[in-house]
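Trainee: I want to learn how to read a few features from a set of coordinates. Please take them one at a time, with the cut-offs.

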Amino acid sequence: FFQAEDGIRDHCVTGVQTCALPISMSAQHVSLDPLERLDLNSLAAMARERNLRLAIRAPRRLGVWGLQVAVARPLGEGRAQLLGELKGWALPRLDGLQLDTMRVQGEGSQGVGTLIWAACFAWALEATPCRSANLLAIRDGEQQHRRLVRYFRRLGFEAVRELGAAPADLPVRLIWGGSGLLMRGDCAEGLKRCAERLGSGGAHP
């Protein structure tokens, strides 16, 4: 749906893009009690109540899952406006979830980012052995970098180490596509924080 971009740079961009989007999960009415752990079915129901569609694509090849989580607004005639998307991959180990690109865009996208994060964490807990997620808060500029770090900390991510110009960092930088702060977060804790946000109306992107 988007041009590939290495590293998580920004969680909010402008513009509108339409696409055909497969809808993968059925839904029923769901309570927004933040004390209850969300699962994929309840998140799909929550999206439907907001006239949105949540889709997850996670093909597995050679033991590695590719991950794409998307939220869209149906436009009719088989079309949908893409509001947000997360891409990553997962290895079959406890710290195997690697998150690469996250974008939210368009009018009416309030709470979409939180819904996508929740679906990502729920998928990892339900479908894989992954219990923690890794990402790189990329350093494109100091002000934006600090903003990203604060954003990810609110989701429960903590600093692991800086990736810079040291020769030992080169192999890892090739994977993540840049320098920045490598961070790790617990999937269950991240899902809990998302549930609290969604239960209060999903005020944050």
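Trainee: Is Trp 65 buried or exposed?

Mentor: Buried means under 20% relative accessible area, exposed over 50%, and partly exposed in between, with a 1.4 Å probe and protein chains only. Trp 65 has 10% relative accessibility, so it counts as buried. This is a predicted model: local features need pLDDT of at least 70, side-chain atom pairs count only at pLDDT 80 or more, and totals for chains, interfaces and linings use all residues. Residues are numbered from 1 along each chain as its sequence is written, and side-chain values use heavy atoms, leaving out hydrogens and water.

Trainee: Which residues stand opposite Trp 65 in the strands?

Mentor: Helices (H or I, at least four residues) and strands (E, at least two) are DSSP runs, numbered from the N terminus. Two strands pair if DSSP finds at least two bridges between them. Trp 65, in β4, stands opposite Arg 60, and its bridge partner in β5 is Ala 90. Strand β3 (residues 60–61) pairs with β4 in the antiparallel sense over two bridges, while β4 and β5 (residues 79–90) are antiparallel over 11 bridges. Strand β2 (residues 53–57) also pairs with β4 (residues 64–76), antiparallel over five bridges; there Arg 53 has Ala 72 as its partner.

Trainee: How is a pair of aromatic rings described?

Mentor: By the distance of the centres and the angle of the planes. Rings of Phe, Tyr and Trp (its six-membered ring) pair if their centres lie within 6.5 Å; planes under 30 degrees apart are stacked, over 60 edge-to-face, and the rest tilted. The structure holds eight such pairs. In one of them, Trp 65 and Trp 123 have centres 6.2 Å apart and planes at 85 degrees, so the pair is edge-to-face. This pair joins strand β4 to helix α2 across 58 residues. Trp 123, at 6% relative accessibility, counts as buried. For Phe 121 and Phe 157 the centres are 6.3 Å apart and the planes at 40 degrees, so that pair is tilted. Phe 121 and Phe 157 are both buried.

Trainee: What sits over the ring of Trp 65?

Mentor: A charge sits over a ring if NZ of Lys or CZ of Arg is within 6 Å of the ring centre and within 35 degrees of the ring normal. Here the charged end of Arg 60 sits over the Trp 65 ring, 3.9 Å from its centre.

Trainee: Which residues of the largest nonpolar core touch the most other members?

Mentor: A nonpolar core is a set of buried Ala, Val, Leu, Ile, Met, Phe, Trp, Tyr and Cys residues joined through side-chain atoms within 4.5 Å. Among the 48 residues of the largest core, Leu 97, Leu 99, Trp 117, Phe 152 and Phe 157 touch the most other members. Helix α2 gives the largest share of this core, 12 residues. Of the 16 residues of α2, 14 are buried, so the helix is largely enclosed by the rest of the structure. Trp 117, Phe 121, Tyr 151, Phe 152 and Phe 157 are linked by ring pairs into a cluster.
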